[in-house]
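Morning, everyone. Please look at the structure on the screen, and keep the sequence beside it. I will take the rings, then the charges, then the pocket.

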Amino acid sequence: MIVNINNALKDELVEASYRSLLGESAAQHRLLHSGEGKGNDFLGWIHLPSQITEEFMEDIRQTADKLRRDCEFVVTIGIGGSYLGIKAVVEALSDSFANLKEADGARLIYAGHHISEDYIAELLDLLRGHKFGLINISKSGTTTEPAIAFRLLKQLLEEQEGEAFAREHIVAITDQSKGALRTLTDQVGYKSYIIPDNVGGRFSVLTPVGLLPIAVAGFDIKALVKGAQDMERELLAGSEGAERVEQHAALRTALYNSGKRIELLVNFHPKMHYISEWWKQLFGESEGKEHKGLFPAAADFSTDLHSMGQWIQEGERILFETFISIEETEHKQAIPMEARNLDGLNFIAGKPIDFVNKQAEKGTMLAHLDGGVPVVHISMPRLDAYNIGQLFYYFEKLVGISGYLLNVNPFDQPGVEAYKKNMFALLDKPGFEEASKAIKERVNELQ
């Protein structure tokens, strides 16, 4: 994986700021590894890849194989970091039309990632008459969105297949010793895996949270972990390889200090869409505190060039772009010659489609640079499990250093609780009686 920040350093003031931040970026990286900085109780992700054993991955594989063998569908229930990392890896590695083709093993489905009555009703309708399993991911077991989904899906599974089948085909990924889901798991006897206390949700894709569903989907978790392990070693604080992530963090901070308020992550490969969604949570939830932080946005090119391209090219100069390129495609498809040439494409006949895509990518970078948009370029050799593991760990390390440079705690998310408190009060949840009356009076403000 290659990271090129040179085209984001065209402005002399940005470059001067960047140079002045390099020493501080290295110092914050060392602080991150020392365990003495903010949020130091959630640093388990730093050495997580190297702590994953072959025996552990084999246990995950055996559980996944049982679910794949016995079920037509496996529903993974989770929200936020218990959903986006899984979705990102599975979508990136899947055939674009997998849902329209015969499945090789159980199909992976998602639930608990929103509160949509139509979605859950349609999911229940799909599952009726079919054998299915559940992977319930929740530290507490009481998070509203996944708890609703689990209650309904568990009820249907037990009604259809009986409690014995349900007990053998529900897997809990939860806290080691406390919480509603842990209590239920111990009482009923579900197979379970532990979410480490020191790993936050948005950093959890390399825990059982991500590894089990990804294995159920049929993908190589060993390659994913190997990619992250290699990147962990490369970016070890104090090593020569660590300089590139420290430089990247310094650049992002320099751009932010210069007035760039938005980072736009862009790609030219549609399978990257949910990697961008995972990235948005990772950076938004980590940096967006104390009225600070870059706003993480994403675009899928060339599709979004036909909708957002005009604004990016000529709108307010408050953003910079990070391009992620995939050097090699999995398939080869050339553009055919056409005798009548009514579409005027014979000038590129015989060229691979990806060649055209790459020229669109290069042309876009140059156009946006000319339009005053700083560009960072990340190049991945292939879109495979190994390289995704590398990319995910790189971004995790980058956001840790960047958060420390902003002087915020990158590993908590206190603002996420605000909507929950209001929702519970509006729902008359026990314990929220006093807040309930006050907020119901305020609802009129929305009308």
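Is Trp-45 buried or exposed? Trp-45 has a relative accessible area of 1%. Buried means under 20%, so Trp-45 is buried. One caution here: this is a predicted model.

Now, what sits beside that ring? The centres of the Trp-45 and Phe-411 rings are 6.0 Å apart. Their planes meet at 40°. Stacked needs under 30 degrees and edge-to-face needs over 60, so this pair is tilted.

Find both residues in the sequence. Trp-45 is in the loop between helix H1 (12-34) and helix H2 (48-51). Phe-411 is in the loop between helix H15 (385-405) and H16.

Step back for a moment. Ring pairs join Trp-45, Phe-203, Tyr-393, Tyr-404 and Phe-411 into a cluster. Across the model, the count is 14 aromatic pairs.

Next, charges over rings. Which ring does the charged end of Lys-131 sit over? The ring is that of Phe-165, and the charged end is 5.8 Å from its centre. There is also Lys-351, over the face of Phe-355. That distance is 4.9 Å from the ring centre.

Last, the pocket. How do we find one? Rolling a probe the size of a water molecule over the atoms shows where empty space is left. The largest pocket here has a volume of about 990 Å³. Its lining is made of 37 residues. Nearest the centre are Ile-79, Thr-143, Gln-413, Val-416 and Lys-420.

Which elements give two or more residues to this lining? They are helix H6 (144-161), helix H12 (273-287) and helix H16 (417-426). H16 gives the largest share, six residues.

Conventions
Residues numbered from 1 in each chain as written. Predicted model: local features only at pLDDT ≥ 70, side-chain atom pairs only at ≥ 80, totals over all residues. Heavy atoms only, no water. 1 Å grid on protein atoms, 1.4 Å probe; cavity = no way out; pocket = protein on both sides within 12 Å on 5 of 7 lines; lining within 4 Å. Points joined across faces, edges and corners; volume = space filled by probe spheres on them. Helix = DSSP H or I, 4+ residues; strand = E, 2+ residues; numbered from the N terminus. Phe/Tyr/Trp six-rings, centres within 6.5 Å; stacked < 30°, edge-to-face > 60°. Buried < 20%, exposed > 50% of the residue type's maximum accessible area, 1.4 Å probe, protein only. Lys NZ or Arg CZ within 6 Å of the ring centre and 35° of its normal.
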